[in-house]
Amino acid sequence: MAEKEVDDIRGTCELTANSEDVGVTEPQNSPEDENSKSSSSQDIHDLKSVLVTSVLNLEELDVDLYRGTHHWVPRTQRLFGGQIIGQALVAAAKSVSDNLYAHSLHCYFVRAGDPKIPVLYQVDRTRDGRSFTVRSVKAIQHGQPILICQASFQKLQLSPLQHQFTMPSVPPPEDLLTVEELIHLHLSKPDLAENAKKGLNKLLANEVPIEIKPINPSSFYRMTPSEPRRLFWGRARGYIGEGNMKLHCCVAAYVSDFALLGTAMLPYPEYRAQFVASLDHAMWFHSTFRSDEWMLYECESSWAGSSRGLVQGRLWRRDGVLAASCAQEGVLRVKPVTSKL
Ligand SMILES: CC(C)(COP(=O)(O)OP(=O)(O)OC[C@H]1O[C@@H](n2cnc3c(N)ncnc32)[C@H](O)[C@@H]1OP(=O)(O)O)[C@@H](O)C(=O)NCCC(=O)NCCSC(=O)CCCC(=O)O
């Protein structure tokens with residue numbers, strides 16, 4: 001496997017942590033044999049999700065002021081955008097009553113997050129309406145905002161107007177391999193170059209708190225141009241449980257930043273990322289769901305140009321209900337694969 005392939009697994013699956021990840025460690029799936037794999041995977045799923053016990057478990061410092069710490073940090077050594085969005089939504093949700101549900105958020109990433117220090121979240125109670133309640137959250141490091149986020153919550157209000165797109169038809173998650181299992185398959189190839197092995201083993205050591213099963217693993221490698229669209233099953237690693245819809249929305253906000261922007265790179269295998277970062281992220285929540293159960297993430301990019309790309313995402317419950325939609329624009333600065341620069 002060429003270095004580019006290893007790099008593309010990183011790029012596609014956003015398993016971009018380096019070995020100096022910060023935070024709580026989790027057991028990884030055992031690759032040894034089918035039996036140990038499934039029981040190990042089951043065990044992992046019985047443990048409480050680290051997203052709930054650590055990442056989204058903010059410390060309250062004062063009224064409407066919280067502190068969040070990091071778990072997994074991408075190899076870019078800037079904080080993962082999904083973590084900042086998820087934590088901002090947790091902070092916003094803490095100041096609204098239990099009968100209000102998150103229905104949308106709009107964020108700008110204005111500075112890179114520094115993984116060496118925690119992030120402060122300052123909540124402004126913008127408006128408490130009769131049906132809708134709006135919060136503004138500023139994520140702060142070194143005294144300056146790194147993210148500005150508006151989140152809106154609504155009381156449950158039923159309506160006869162109801163429609164949605166139809167969920168794409170894909171194989172069930174039980175028939176597909178996880179990213180880790182796919183990597184193990186590659187590692188078992190006898191002709192694998194030493195540096196490729198090293199790169200893949202580094203990926204396996206990551207502690208990404210999300211389990212991913214790509215629908216089309218061959219699009220994984222970005223060796224040939226393909227349409228800017230990809231689908232995968234994803235769920236939070238570990239158990240979260242029923243009941244706390246606000247928390248499931250925060251976890252989905254974390255998950256929604258995974259692999260989204262990379263979709264815009266799929267038509268251009270002759271280029272690799274030089275500087276890729278999300279600029280903004282918007283999300284709309286449509287129905288109840290469990291983020292610790294398999295959900296289909298459908299990502300597509302409608303446009304790229306001017307060193308930017310626009311991507312849309314849809315999160316589907318496996319029973320076909322559209323759970324959430326999102327949209328993101330990002331900077332895409334690339335260089336030719338052959339370039340040494
Ligand atoms: C987006 C920016 C960088 C914009 O700030 P800015 O001061 O306007 O910065 P900038 O001028 O764009 O420079 C950034 C960088 O781009 C370089 N650059 C600038 N112009 C060019 C060019 N023509 N060709 C090639 N490179 C160029 C600059 O030299 C900067 O590079 P440097 O940081 O110095 O190495 C800033 O607002 C920011 O950092 N925001 C936070 C973005 C973020 O952290 N998003 C969340 C994390 S990304 C994510 O989680 C999604 C996963 C994607 C993934 O990891 O793959």
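**From the core to the ligand**

Tutor: Leaving aside residues up to four places away in sequence, alanine 88 touches Cys107, Tyr121, Val137, Ala139, Leu147 and Cys149, where contact means that the two C-beta atoms, placed from the backbone, lie within 7 Å. This is a predicted model, in which local features need pLDDT of at least 70 and side-chain atom pairs count only at pLDDT 80 or more, while totals for chains, interfaces and linings use all residues. Residues are numbered from 1 along each chain as its sequence is written.

Alanine 88 belongs to the largest nonpolar core, which has 75 residues, and Ala88, Leu89, Tyr121, Cys250 and Val251 are the members that touch the most others. Such a core is a set of buried Ala, Val, Leu, Ile, Met, Phe, Trp, Tyr and Cys residues joined through C-beta atoms within 7 Å; a residue is buried if 20 or more other C-beta atoms lie within 10 Å of its own, exposed if 12 or fewer, and partly exposed in between. In soluble globular proteins, nonpolar side chains tend to be buried together. Of the 341 residues in the protein, 39% are buried, and among contacts between residues at least 6 apart in sequence, 75% join residues at least 24 apart.

The protein has seven helices and 12 strands, these being DSSP runs (H or I of at least four residues for helices, E of at least two for strands) numbered from the N terminus. Strand 3 (residues 100-109) pairs with strand 6 (residues 144-155) in the antiparallel sense over nine bridges, pairing being called when DSSP finds at least two bridges between two strands. Within that pairing, alanine 102 stands opposite phenylalanine 153. Strand 3 also pairs with strand 9, again in the antiparallel sense, over five bridges; here histidine 106 has alanine 282 as its bridge partner, and tyrosine 108 has aspartate 280. Strand 9 in turn pairs with strand 12 in the antiparallel sense over 13 bridges, with arginine 272 opposite lysine 335.

Of the 21 residues around the ligand, Gly81, Phe109, Ala112, Ala277 and Ser278 come nearest. Strand 9 (271-285) and strand 12 (322-336) are the elements that give two or more residues to this shell, and strand 9 gives the most, with five residues. The shell divides into 11 nonpolar, five polar and five charged residues, with Ala, Val, Leu, Ile, Met, Phe, Trp, Tyr, Cys and Pro taken as nonpolar, Asp, Glu, Lys and Arg as charged, and the others, Gly among them, as polar.

Glutamine 77, in the loop between strand 2 (65-68) and helix 4 (81-93), has a phi near 60 degrees, a positive value in a residue other than glycine; because glutamine 77 has 15 C-beta neighbours inside 10 Å, it counts as partly exposed. Alanine 259, in the loop between helix 7 (245-255) and strand 9, also has a positive phi near 60 degrees, but alanine 259 is buried because 23 other C-beta atoms lie within 10 Å.

Notes
Near = placed C-beta within 6 Å.
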